[in-house]
Amino acid sequence: SSIESSGSSIMNYGAITEVDEDDMEVSYSGPASHADAVAKAKGGRSKRRRDVSVSEKIFNSMVKSKHRANAELELMQASMIVETTYKKYMDEFLTDSFVLLLSMVFILFFCQVGVETIIPVIMQEYFGYGIFENSLIYMAGGLEALIVFFGVAIASRYVRDTTLQIIGWVLILIAQIWLMFVIPHIEKGNVTHLVYFMLGIMILYLGYPIASVANTCLSSKVLSQETQGLGQGLRRLASYLGLIYGPSWAGSTVTKPYLYLGVPIGVMLVNGIMLILSYRDLRKVENQIKEDSRQRKAKAQDEESDRLLAQDHS
C-alpha cells in the first residue's frame, strides 16, 4: 500500500525525466504547474547566459576600440615625425648653397675624367705615344695632385674653404679654356703643341684637388648633423654622375673639341654666377662655425683653469 501511495503521489505531482544542461532542454511529464516552474528556470539560465554574452561583446568591443585608438594615435605621431623630417631635409637640401655645391662637384669630376679620357687619344694620334708614355703622364698627374692635397691640408688652416673653392674653380676653368684653344690647333709631331697640351693638363690637376677638398668641407658645413649623412650621400652621387658622364661625353665629342669643351665651360660659368650669389651665405656659415669653435675652446680653457684652481686650493 505504501508503494502504491508513493506511485500515486508521483503521478499526481509529476516528475522531470530528462535534463540537458548544455542545450538547456528539459523533458517533463506532469501537471502544468511543474512545467511552468521548469520553463521559468530554463528562461532564467538562458537570460543569464545572454547577459554574459552581451557583456563579453561589450568588453571585446571596448578593447578593440582602445587598440584602434592607440594605433591611430601612433600612426598620427609617425606621420607627424615623417612630415617634420621631410620638411627639414627639403629645407636644407634645396638651399642655394647646397645645390651650388652639388652642381660644382658634378662638373668638377666631369671635367677631370673627361680630360683623362682624351689624353690617350691625343697622344697616340698626334704624337705617336703609346701605353708607356700615357702611363707616365697619368703618374705625373697623380703625383702633382697628391702634392697639392698635402698643400691644401696645410693651407686650409689659414685660408677659408670658400676662398679655396673659388681658386679651384678658377684653375679648372682656365684649364678648360686653354685646352679649347690648344686642341683644335695641335699639329702632328709638334713638340711645342705637346707642351701646350701638357700645360693645360697640369693646370687641371692643380685645380682639381683644391676644388674637391673645399667642396667636401663646405658641404659638411652647410648641413646639420641630422641631414649630414644623406647630404654627403647625395654629394657622392653627384660626383659619380660626373665620373660616368664625363668619359661618355669626352669620347663621343673628342673630334669636336669646341663642343666637347664648350659645354663644361658653359656649366662652369653658370656655377660661377651661382657662387657669386651664394658667396655671402657660405661666408656666414663659415663665420658661425668659426665663432662656435672659438667659444667651445674658450669654455674648455675656462673649465681647465677652474679645475686647476680647485686643485691648488685643495
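Colleague: Is C111 buried or exposed?

Modeller: C111 is buried, because its relative accessibility is 2%. Buried means under 20% relative accessible area, exposed over 50%, and partly exposed in between, with a 1.4 Å probe and protein chains only. Keep in mind that this is a predicted model: local features need pLDDT of at least 70, side-chain atom pairs count only at pLDDT 80 or more, and totals for chains, interfaces and linings use all residues. Residues are numbered from 1 along each chain as its sequence is written, and side-chain values use heavy atoms, with hydrogens and water left out.

Colleague: And C217, what about that one?

Modeller: C217 is partly exposed, at 26% relative accessible area.

Colleague: How many disulfides in the whole structure?

Modeller: Zero, from a search of the whole structure. A disulfide here is a pair of cysteine sulfur atoms within 2.5 Å.

Colleague: Switching to rings. How many aromatic pairs?

Modeller: Six aromatic pairs. Rings of Phe, Tyr and Trp (its six-membered ring) pair if their centres lie within 6.5 Å; planes under 30 degrees apart are stacked, over 60 edge-to-face, the rest tilted.

Colleague: Why is the F106 and F110 pair called tilted?

Modeller: Because their planes are at 40°, with the ring centres 5.8 Å apart. Both residues lie in helix 3 (residues 96–127), four residues apart, about one turn of the helix. Helices are DSSP runs of H or I, at least four residues, numbered from the N terminus. F106 is partly exposed at 25%, while F110 is buried at 10%.

Colleague: What does F109 do with Y208?

Modeller: F109 and Y208 make an edge-to-face pair, 5.8 Å centre to centre with 75° between the planes. That pair links distant parts of the chain: F109 is in helix 3 and Y208 in helix 6 (residues 191–222), 99 residues apart. F109 is buried at 9%, and Y208 is buried at 13%.

Colleague: Which residues form a cluster there?

Modeller: F109, F149 and Y208 form one aromatic cluster.

Colleague: Back to helix 3. What span does it reach?

Modeller: Helix 3 has 32 residues and reaches 45 Å from first C-alpha to last, close to the expected 46 Å. The expected span is 1.5 Å times one less than the number of residues.

Colleague: Where is the kink?

Modeller: At I118, about 30°, shortly before the proline P120. The bend at a residue is the angle between axes fitted to the seven residues ending there and the seven starting there.

Colleague: What follows helix 3?

Modeller: G128, with a positive phi near 70°.

Technical notes
Helix = DSSP H or I, 4+ residues; strand = E, 2+ residues; numbered from the N terminus.
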